[in-house]
Amino acid sequence: MSREEKFRDAFREEAIELLVQLEEVVLSLEHEPKSQELIHRLFRIMHTIKGSGSMFGFSEIADFTHHLENALDLVRLGKHSITPEFINLLLCSRDLMQEMLDTNSQSLETSEQADRILTTLKGWQGQRLPEKVPASGSQTKSEPSDQVAYRLRIKLGPNVMAGGLDPLCLLQELHSMGECAISAQTDLVPPLSEIDPELCYFYWDAAINTTASLEDLRGIFLFVEDESRISITRLEHDPPEDALNHKKLGEILVERGDISEEQVRNVLARQKRVGELMVEAGFISQDKVDSALVEQKIVGDLRNSSLQSNTIRVSTEKLDRLMNLVGEMVITQAQLNQVSNQCQIQDIASPVENMERLTNELRDCTLNIRMLPVEVTFNKFRRLVRDLTASLGKNADLVTQGGETELDKTVIERIHDPLIHLIRNSIDHGIETPEERRKAGKPEKGTIRLTAGQSGGEVIISIEDDGAGLNRNEIRAKGIEQNLINESDTLSDAQIYNLIFKPGFSTVSTVTDVSGRGVGMDIVKREITRLRGSVSLESKRNQGTRISIHLPLTLAIIEGLLTVTETNHYVIPLTFIQECIELTSRDISRTHGRHVIQLRGETIPYIRLREFFALGHGQQKYDVEYVVIAVVEGKRLGLVVDHIIGDHQAVIKSLGKMYEHTEGISGATILGDGTIALILDVRQLMECARREEAEMFIRV
Amino acid sequence: MNQAAIANTDQYLTFTLGDELFAAEISKIREVLDYPTITKVPRMPSYLLGVTNLRDNVVPVIDMRQKFGLSSAERTVDTCVVIVETELEGEQITIGCLADSVKEVLDLPRDQIEPPPRMGLDLNTDFLKGMGKQGDKFLLILNMDKVLSSKELRLVKETAENPSGDESEAADGDNSEGSVNQGLPDEL
């Protein structure tokens with residue numbers, strides 16, 4: 001990748017983040033149209049996009065943003081309030097900018113769209129301007145009496161050029177704002193031997209006569225502001241003929257902070273009076289500049305050190321690599337522990353123990369790095385809800401809760417599309433039209449509640465609406481029609497509701513572009529299952545529907561219980577385990593060979609891994625076996641194993657493509673001695689056992 | 001050997017399955033292992049033997065005999081696993097293939113490879129790239145990508161979804177019907 005491409009990529013990445021922020025701000029603005037702070041944030045974001053866009057050759061975006069800014073300026077100046085149309089326009093613009101970024105070249109389509117938006121904008125501006133301008137009278141640029149003189153000292157951070165910024169661009173922009181004199185200051189340039197050609201040693205003093213406001217001037221430097229020191233002072237407007245009032249050079253220097261008053265006095269004591277006012281600076285002698293510089297440098301250093309950022313950007317590949325290494329380290333640690341236990345050498349035991357503690361800490365830290373708050377995803381849905389409700393003529397708010405809940409980055413990325421599907425469904429099928437809601441005695445505005453929270457080793461994300469709820473009879477009828485169930489089946493509500501997760505199932509007779517094609521829900525279910533999670537659904541007629549997604553905290557390492565059956569090792573994720581009990585042949589005979597056990601008065605079914613996985617010859621080998629009681633969403637199931645070894649940190653390894661369709665196995669892990677243990681997918685085992693039971697009934 | 005000849009020659013690893021001599025392009029082969037510990041993955045077609053630990057990576061192992069419709073054989077000292085690297089649906093995968101014994105690495109000029117005969121062989125010819133000769137023995141050259149192709153995987157999927165043949169019968173036989181899952185919760 002060439003240097004330039006790298007910069008462009010960096011810009012694109014940055015711009016995409018900015019566009020996300022932009023959307024958030026615009027949506028918040030819709031709720032609080034009066035907020036000056038939000039408008040300023042909007043400005044800042046746009047300006048950054050515009051500035052860096054033009055720098056990296058995304059001129060299309062830069063131009064477009066520039067026009068947007070102009071429009072927004074009217075709002076900022078209070079010449080126009082924020083209307084829903086304006087918000088729409090901003091959102092459309094945002095989408096367009098995203099598109100421009102994606103296509104990266106000037107495509108006809110985007111430029112046509114841009115034209116359309118700009119025409120609307122212009123129309124909008126044109127409509128407001130004539131009636132407003134005469135009132136304020138400050139918009140006409142040629143009006144000389146509105147000119148104000150500013151003095152600027154532009155001291156860019158030494159690293160600005162490394163970021164790809166050409167200071168000349170800034171100066172040219174400044175120059176274009178009015179009658180302007182700029183002089184470069186070279187006194188910071190070190191001797192040739194010490195020059196680092198990539199640093200910026202210059203600073204500039206400028207004086208400008210302009211109609212632009214102080215804000216506008218600041219705006220030019222908005223996106224270098226953080227690392228640079230830009231001082232802008234408004235000069236008192238002196239009529240030129242009043243020559244007597246001109247300031248002394250010393251005063252100007254003091255005002256600029258170059259030297260203190262005392263220094264000026266000292267100098268003045270030694271020197272003759274300084275000459276008449278000069279607009280251009282840079283006329284003081286070297287040692288005075290130096291002394292002032294030392295002072296500035298100290299202040300500057302202080303400032304810079306306090307500005308040191310405390311986050312860094314790291315590519316995901318590097319993180320993945322780190323995660324893999326830690327995973328391998330955990331495995332090696334297990335081997336080391338085993339060896340140390342066998343050797344029984346005191347001298348080794350203690351460092352190995354320490355090592356284990358460190359490894360565990362390292363593992364936790366590394367996992368933690370990959371965790372992100374789900375908020376990132378949640379925020380994107382505000383826009384979705386807004387647009388969808390508008391296009392469907394419905395009215396609903398999205399309320400989010402628990403956005404700070406953290407999830408593995410990969411999980412967050414992959415959960416995004418399923419969530420979109422679910423939210424779409426809620427709006428399309430769940431939330432009723434305002435009239436229907438009024439009739440049902442509900443507030444016209446529906447609510448979609450998106451919540452996230454942690455429970456044990458799982459994160460639960462739920463989408464809840466206060467809409468119509470699922471129509472049991474309709475789903476049942478459709479199910480029969482599509483041959484998913486039989487007319488004669490008696491099914492519980494939950495079983496009927498689960499039909500909507502079947503491929504191709506849809507109760508909506510007309511396909512809208514939102515939903516109804518019957519592809520959504522099964523994709524949702526499949527994707528979530530792939531993340532080792534699960535979906536469940538509750539619904540009450542006329543009260544709403546709640547869909548809960550259970551997700552594992554991380555995809556990389558889980559705590560599990562290591563068990564043995566025949567010669568095979570199986571790891572059962574600890575999250576699902578409630579307890580372990582013994583199973584004797586006496587217990588079995590007491591239940592007449594039925595696969596159930598009594599536990600504190602409760603009857604719990606169990607499956608024997610030996611039989612279920614067809615291990616050995618399916619014969620019971622030991623008098624006493626162990627039942628691991630697993631709980632999945634309140635349902636219990638016993639898993640019968642030969643032995644229980646104990647707690648195990650399982651670094652999850654995928655079984656790969658060939659074993660994509662396993663049942664009841666979610667992955668593998670490598671034990672200390674190098675053997676492979678399979679990780680059980682308890683939820684799937686449960687479903688699988690149930691399905692087989694159902695099939696058996698049919699056969700009987 | 002002149003340059004053209006070198007350019008037209010591929011190297012093959014030869015191995016046996018029963019009495020037949022097979023060859024596979026060496027560029028696809030990473031290494032050959034002694035028979036490792038194989039952990040069976042339950043409820044999968046029987047030619048998928050399980051997974052093995054290859055330097056802390058989980059690698060699936062397939063039984064080529066079963067795959068090609070040959071009868072399965074006893075394990076001997078010569079039995080080994082050929083680790084093959086190939087692409088499956090755009091994803092780089094590593095797979096172990098069980099072979100009765102591994103023979104040698106062989107140079108075969110391309111013009112000495114003939115297309116596989118349509119009949120007369122006691123195995124599925126879909127996996128063959130061609131036939132070669134080594135001395136007076138025939139050499140069946142395998143197309144490893146095809147052996148592990150996605151079409152084959154679909155077969156696996158079907159088998160997994162409708163378990164038929166010995167696997168499911170074994171499972172059914174063990175479970176005296178009706179008693180196994182009785183009492184499982186109604187709603188899951």
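At 12% relative accessibility, Asn568(A) counts as buried, because the cut-off for buried is under 20% relative accessible area. The model is predicted. Asn568(A) belongs to strand E13 of chain A. Its contacts reach into both chains. Beyond residues up to four places away in sequence, Asn568(A) touches Thr563(A) and Leu615(A), and also Thr39(B) and Lys40(B).

Chain A as a whole sets the background. It contains 21 helices and 21 strands. Of its 700 residues, 45% count as buried. Contacts in chain A were also sorted by sequence separation. Among those between residues at least 6 apart, 69% join residues at least 24 apart.

Aromatic rings come next. Over all chains, the structure holds three aromatic pairs. In one of them, the ring centres of Tyr570(A) and Phe613(A) are 5.4 Å apart, and the planes meet at 45 degrees, so the pair is tilted. This pair links distant parts of the chain. Tyr570(A) sits in strand E13 (residues 568–573) of chain A. Phe613(A) sits in the loop between helix H20 (609–612) and strand E17 (624–632) of chain A, and the two residues are 43 residues apart. Both Tyr570(A) and Phe613(A) are buried.

Phe613(A) also pairs with Phe612(A). Here the centres are 5.8 Å apart and the planes stand at 55 degrees, so this pair is tilted. Phe612(A) is buried, as is Phe613(A). Together, Tyr570(A), Phe612(A) and Phe613(A) form one aromatic cluster.

Charged side chains also lie over aromatic rings. Arg43(B) lies over the face of Phe612(A), at 4.0 Å from the ring centre. Within chain A, Lys155(A) lies over the face of Tyr203(A), at 4.4 Å from the ring centre.

Leu680(A) touches two members of the aromatic cluster, Tyr570(A) and Phe613(A). Leu680(A) lies in strand E21 (residues 676–680) of chain A. It is buried, with a relative accessible area of 1%. Other contacts of Leu680(A) include Val571(A), Ile572(A), Pro573(A), Leu609(A) and Leu639(A), not counting residues up to four places away in sequence. Gly664(A), Ile665(A), Ser666(A) and Leu685(A) are also among the contacts of Leu680(A). Leu680(A) and Ile572(A) are 108 residues apart in sequence, yet 5.4 Å apart in space, C-alpha to C-alpha.

Helix packing was examined for two pairs in chain A. Helix H3 (residues 59–76) of chain A packs with helix H4 (residues 84–103) of chain A at an angle of about 165 degrees, and the axes are 10 Å apart. H3(A) is therefore roughly antiparallel to H4(A). The crossing of H3(A) past H4(A) is left-handed. On the H3(A) side, the residues that meet H4(A) include Ile61(A), Phe64(A), Leu68(A), Leu72(A) and Val75(A). On the H4(A) side, they include Phe86(A), Leu90(A), Met97(A) and Leu101(A).

The other pair joins helix H11 (residues 316–343) of chain A and helix H12 (residues 346–369) of chain A, packed at an angle of about 155 degrees with their axes 10 Å apart. H11(A) is therefore roughly antiparallel to H12(A). H11(A) passes H12(A) in a left-handed crossing. Among the H11(A) residues that make the contact are Leu319(A), Met323(A), Val326(A), Val330(A) and Gln333(A). Among the H12(A) residues are Ile348(A), Val352(A), Glu356(A), Thr359(A) and Arg363(A).

Methods: Residues are numbered from 1 along each chain as its sequence is written. Chains are lettered from A and ligands numbered from 1 in the order in which they are written. This is a predicted model: local features need pLDDT of at least 70, side-chain atom pairs count only at pLDDT 80 or more; totals for chains, interfaces and linings use all residues. Side-chain values use heavy atoms; hydrogens and water are left out. Rings of Phe, Tyr and Trp (its six-membered ring) pair if their centres lie within 6.5 Å; planes under 30 degrees apart count as stacked, over 60 as edge-to-face and the rest as tilted. Helices (H or I, at least four residues) and strands (E, at least two) are DSSP runs, numbered from the N terminus. Buried means under 20% relative accessible area, exposed over 50%, partly exposed in between (1.4 Å probe, protein chains only). A charge sits over a ring if NZ of Lys or CZ of Arg is within 6 Å of the ring centre and within 35 degrees of the ring normal. Contact means heavy atoms within 4.5 Å. Axes are lines fitted to C-alpha atoms, for helices over the stretch in contact, and angles run from 0 to 180 degrees between N-to-C directions. Angles under 35 degrees count as roughly parallel, over 145 as roughly antiparallel, 65 to 115 as roughly perpendicular and the rest as oblique. A crossing is left-handed if the near helix is turned anticlockwise from the far one by less than a right angle, and right-handed if clockwise.
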